[in-house]
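Visitor: Could we take a close look at a single part of this protein? I am new to this, so please go slowly.

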Amino acid sequence: MAEAASFTPVEERAVREAYAAQGHADCPRCAVRMRERSIGGGSFGLGYARKREWLLCPQCHRSVLFDLKRGTRN
Ligand SMILES: [Zn+2]
């Protein structure tokens with residue numbers, strides 16, 4: 001079975017950059033505001049804080065998953 005459609009790497013990067021700059025992003029294909037969801041937040045007892053942000057286009061259902069690493073030092 002096919003996975004859900006996805007963005008090209010170029011589109012995905014555009015979404016990431018827009019989200020980083022503005023705190024929200026529009027779908028590069030549909031020009032509609034993408035929905036934001038937070039995933040995780042330490043509720044799984046993994047021993048490290050990791051925040052994920054998931055942007056989903058309500059129209060074409062393509063999504064971009066962000067790995068926001070916070071509090072790490074490297
Ligand atoms: Zn879309």
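Which residues does M34 touch, not counting residues up to four places away in sequence?

Guide: Happy to! This is a predicted model, in which local features need pLDDT of at least 70, side-chain atom pairs count only at pLDDT 80 or more, and totals for chains, interfaces and linings use all residues. Residues are numbered from 1 along each chain as its sequence is written.

Leaving out residues up to four places away in sequence, M34 touches A25, D26, C27, L55, L56 and C57. Touching, or being in contact, means that two C-beta atoms, placed from the backbone, lie within 7 Å.

M34 also belongs to the largest nonpolar core, together with V15, A25, C27, L55, C57 and V64. Such a core is a set of buried Ala, Val, Leu, Ile, Met, Phe, Trp, Tyr and Cys residues joined through C-beta atoms within 7 Å. A residue is buried if 20 or more other C-beta atoms lie within 10 Å of its own, exposed if 12 or fewer, and partly exposed in between, with C-beta atoms placed from the backbone. Of the protein's 74 residues, 11% count as buried.

Now look at V32, in the loop between α1 and β1 (35-40); helices (H or I, at least four residues) and strands (E, at least two) are DSSP runs, numbered from the N terminus. V32 counts as exposed because it has 12 C-beta neighbours inside 10 Å. Even so, V32 touches D26, C27, C57, P58 and Q59, again not counting residues up to four places away in sequence. Its C-alpha lies 8.0 Å from that of P58, although V32 and P58 are 26 residues apart in sequence.
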